[in-house]
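User: I would like to learn how to read some local features of a protein model. Could you walk me through a few of them?

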Number of protein chains: 2
Amino acid sequence: MRVALITVGDEILSGDIENTNATWIARKLKELGSSLIKISVVPDDVEMIAEEIRSIEADYIIVTGGLGTTPDDVTREGVAKALNLEMRLNQEALECMKKYIEKYGLSEQIKKMATLPEGSKVICNRVGAAPGFIVQNIVVLPGVPKEMTSMFEEISELFRGEREITREVVTTAREMRITELLEELTRTFQDVKIGSYPKENSVKIKITGRDEKRVQEVCNILRERLKEYEMS
Amino acid sequence: MRVALITVGDEILSGDIENTNATWIARKLKELGSSLIKISVVPDDVEMIAEEIRSIEADYIIVTGGLGTTPDDVTREGVAKALNLEMRLNQEALECMKKYIEKYGLSEQIKKMATLPEGSKVICNRVGAAPGFIVQNIVVLPGVPKEMTSMFEEISELFRGEREITREVVTTAREMRITELLEELTRTFQDVKIGSYPKENSVKIKITGRDEKRVQEVCNILRERLKEYEMS
């Protein structure tokens, strides 16, 4: 499954917080066997959220953040705008928020959180107030990490796919010297992805593919042939 | 200045590493007085890099990562494709890499790193091998943090702008209860941005604007009026 992630929030764009939600979701999707094809961080702005959603082609788009009650929380509107849908007070969402309604009445804030793009399927929030939702291929979750992770676990089966195998080979050879070897292997093993990540005194090579035997074969060749570069 | 950041790298999309470059650049841009309007993370893929660059309207686009010598390093090609430019062996880049050329000769790897979109202005790499470059409004830097930060510091004046003032007010009032107050202030102070970030037992309100007096005025009103919500 090809999945894209949009994180909504000025706080990440100003460098005030790290995008830990993105890293968490990236790892989960990989475990489940889906590929994360893009991460975007956009401001709390209806137009920019809508534009980003419209620009992405993926099996699913996950959007996190901007589901609260304050004026900067505009993700619901952004999603509706992207899909040309009306906003409607959602009965399922009100049902999820029963305990808040009992405590505060049907306040404007509760109405705001329960007003979703028409046709949304609600994901109840068991940790906080604002419900998440799924509409077409868009999955919308809160930005508060505890709430996001709890909701994600509930719907994670959506993203179950065929798992990829990853192996790593670390070498002390300089990246510039092993380029030709990696090029040759990339040409020969077209069903295997070979990524190379230079660190200070070593290079990490990641070998990824669906077929464990093929991945292992690349690892074996690498381990054997890298020896000459490491020694020289 | 409105700046967008594109981080290139499968390693971030698979959740293997945090996008620390993005957070570092976000903070730097804010210090310099520029606004980061979007962060994207895209795979090591010429087409997707080019598409993302083409989709962004900003004063500057910073692209990091994918400048090495291995087959998955395709950022140079992605930038050239986005701008419809030819790739050319760049003399300035070769000059920067003199010490590597003396050591290894004009190897295929060195030629790859020095082959840039035509018209690129080179940024020498004082920490590693691969040069960065600026072409039109696109600033391209390596992904290795030490190399990226060193190069960014050299060109940081590009991003100098009028600085914004930010103040924070933290309240123990529930976010749902203070929404109307924030809406009222957002309407009244249109030159000031009011963001609200719920934490476990408190809400952080960030007030940002160019005019210090106006920002302070909003803070004072908030501090005064939040008292009633905190006590009740």
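**Reading helix pairs, backbone angles and a buried side chain**

Analyst: Happy to! This is a predicted model.

User: At roughly what angle do the axes of helix H3 and helix H4 of chain A cross?

Analyst: The crossing angle is roughly 45°, and the axes of H3 (residues 46-55) and H4 (residues 75-83) of chain A come within 8 Å. H3(A) passes H4(A) in a right-handed crossing. On the H3(A) side, the contact is made by A:Val46, A:Glu47, A:Ile49, A:Ala50, A:Ile53 and A:Arg54, while H4(A) brings A:Thr75, A:Glu77, A:Gly78, A:Val79, A:Lys81 and A:Ala82. Sorted by class, this contact of H3(A) with H4(A) has six nonpolar, two polar and four charged residues.

User: How do I read the pair H2(A) and H8(A): roughly parallel or roughly antiparallel?

Analyst: Start from the angle: angles under 35 degrees count as roughly parallel. The axes of H2 (residues 20-32) and H8 (residues 145-155) of chain A cross at roughly 15° and come within 11 Å. H2(A) is therefore roughly parallel to H8(A). Their crossing is right-handed. In this contact, A:Asn21, A:Trp24, A:Ile25, A:Lys28, A:Leu29 and A:Leu32 of H2(A) meet A:Pro145, A:Met148, A:Thr149, A:Phe152 and A:Glu153 of H8(A). The classes here are seven nonpolar, two polar and two charged residues.

User: Now backbone angles. Where is A:Gln136 placed, and what is its phi?

Analyst: A:Gln136 is in the loop between strand E7 (132-135) and strand E8 (138-141) of chain A. Its phi is near 50°, a positive value in a residue other than glycine. A:Gln136 counts as exposed because its relative accessibility is 56%, and the cut-off for exposed is over 50%.

In chain B, B:Asn84 also is not a glycine and has a positive phi of about 55°. B:Asn84 sits in the loop between helix H4 (75-83) and strand E4 (87-89) of chain B. With 72% relative accessibility, B:Asn84 counts as exposed.

User: And B:Thr171: buried or exposed?

Analyst: Buried means under 20% relative accessible area, and B:Thr171 has 0% relative accessibility, so it counts as buried. B:Thr171 is found in strand E9 (residues 165-171) of chain B. A polar atom of the B:Thr171 side chain lies 3.0 Å from the backbone nitrogen of B:Ala173. Leaving out residues up to four places away in sequence, B:Thr171 touches B:Ile178, B:Ser202, B:Val203, B:Ile205, B:Leu226 and B:Glu230.

Technical notes: Residues are numbered from 1 along each chain as its sequence is written. Chains are lettered from A and ligands numbered from 1 in the order in which they are written. This is a predicted model: local features need pLDDT of at least 70, side-chain atom pairs count only at pLDDT 80 or more; totals for chains, interfaces and linings use all residues. Side-chain values use heavy atoms; hydrogens and water are left out. Axes are lines fitted to C-alpha atoms, for helices over the stretch in contact, and angles run from 0 to 180 degrees between N-to-C directions. Helices (H or I, at least four residues) and strands (E, at least two) are DSSP runs, numbered from the N terminus. A crossing is left-handed if the near helix is turned anticlockwise from the far one by less than a right angle, and right-handed if clockwise. Contact means heavy atoms within 4.5 Å. Ala, Val, Leu, Ile, Met, Phe, Trp, Tyr, Cys and Pro count as nonpolar, Asp, Glu, Lys and Arg as charged, and the others, Gly among them, as polar. Buried means under 20% relative accessible area, exposed over 50%, partly exposed in between (1.4 Å probe, protein chains only). A polar contact is a pair of N or O atoms within 3.5 Å; within protein, one must be able to donate a hydrogen and the other to accept it, and residues adjacent in sequence count only if both atoms are side-chain atoms. Angles under 35 degrees count as roughly parallel, over 145 as roughly antiparallel, 65 to 115 as roughly perpendicular and the rest as oblique.
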